[in-house]
Amino acid sequence: MEFHLKTTEQQTLEFITFCTEMYAGKKNISGSEVAKLFCDYGVFDFLEENYVELHTQGREFLIPMIDEFLQARSR
C-alpha cells in the first residue's frame, strides 16, 4: 500500500474550499456568491496567508471570524 501525502498547497486549497462551502451553507447563499464576496474583500488571500493558524479551527470560530474580517474590510 502506497501513501501519498498532500502538499501544503493541496491542504490549503481544501481548507479554503471548506470555508467557502461552510460559509455559503451558514448564510444560505450560493457558492458563487460567496466566491465573489471573498474575492472582493480579500478573504481568500487572508485564509491562504493564515492557513497554519486557522485550519484547526471549527465552524464556531471560522464563521464569526470571517464575518468580522468582512465587516472590517467594508468600512
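Predicted model: local features only at pLDDT ≥ 70, side-chain atom pairs only at ≥ 80, totals over all residues.
1. Salt bridges in total. The whole structure contains 3 salt bridges.

2. Lys6 and Glu14. A salt bridge joins the side chains of Glu14 and Lys6, with an N to O distance of 2.9 Å. Glu14 is partly exposed at 43% relative accessibility, and Lys6 is also partly exposed, with a relative accessible area of 45%.

3. Lys27 and Asp67. The side chains of Lys27 and Asp67 form a salt bridge at 2.9 Å, N to O. This pair connects distant parts of the chain, since Lys27 belongs to helix H1 and Asp67 to helix H5, 40 residues apart. Lys27 counts as partly exposed, at 35% relative accessibility.

4. Lys36 and Asp40. Here the salt bridge between the side chains has an N to O distance of 2.7 Å. Both residues lie in helix H2 (residues 31–41), and because they are 4 residues apart there, about one helical turn separates them. Asp40 is partly exposed, with a relative accessible area of 49%. Lys36 has 52% relative accessibility, and it counts as exposed because the cut-off for that class is over 50%.

5. The negative patch. Which residues gather in a patch of negative charge on the surface? They are Glu9, Asp45, Glu48 and Glu49. Helix H3 (residues 43–49) gives the most to this patch, with 3 residues. Glu48 lies in helix H3 and is partly exposed, with a relative accessible area of 49%.

6. Thr20. Is Thr20 buried or exposed? Thr20 has 12% relative accessibility, and it counts as buried because the limit for that class is under 20%. Thr20 sits in helix H1 (residues 8–27). Leaving out residues up to four places away in sequence, Thr20 touches Gly31, Val34, Phe38 and Phe44.

7. Ile66. This residue is part of helix H5 (residues 59–73). Ile66 is buried, with a relative accessible area of 1%. Apart from neighbours within four places in sequence, Ile66 is in contact with Cys19, Tyr23, Phe38 and Val43. Phe38 is also among the residues that Thr20 touches. The C-alpha atoms of Ile66 and Phe44 are separated by 10 Å, and the two residues are 22 residues apart along the chain.

How values were computed
Residues numbered from 1 in each chain as written. Heavy atoms only, no water. Patch = residues over 30% accessible without salt bridge, like charges linked within 9 Å, V, L, I, M, F, W, Y side chains within 5 Å. Areas by Shrake-Rupley, 256 points an atom, 1.4 Å probe, with all protein chains shown as cover. Salt bridge = Lys/Arg side-chain N within 4 Å of Asp/Glu carboxyl O. Lys, Arg positive; Asp, Glu negative; His and termini not counted. Charge placed at Lys NZ, Arg CZ, Asp CG, Glu CD. Helix = DSSP H or I, 4+ residues; strand = E, 2+ residues; numbered from the N terminus. Buried < 20%, exposed > 50% of the residue type's maximum accessible area, 1.4 Å probe, protein only. Contact = heavy atoms within 4.5 Å.
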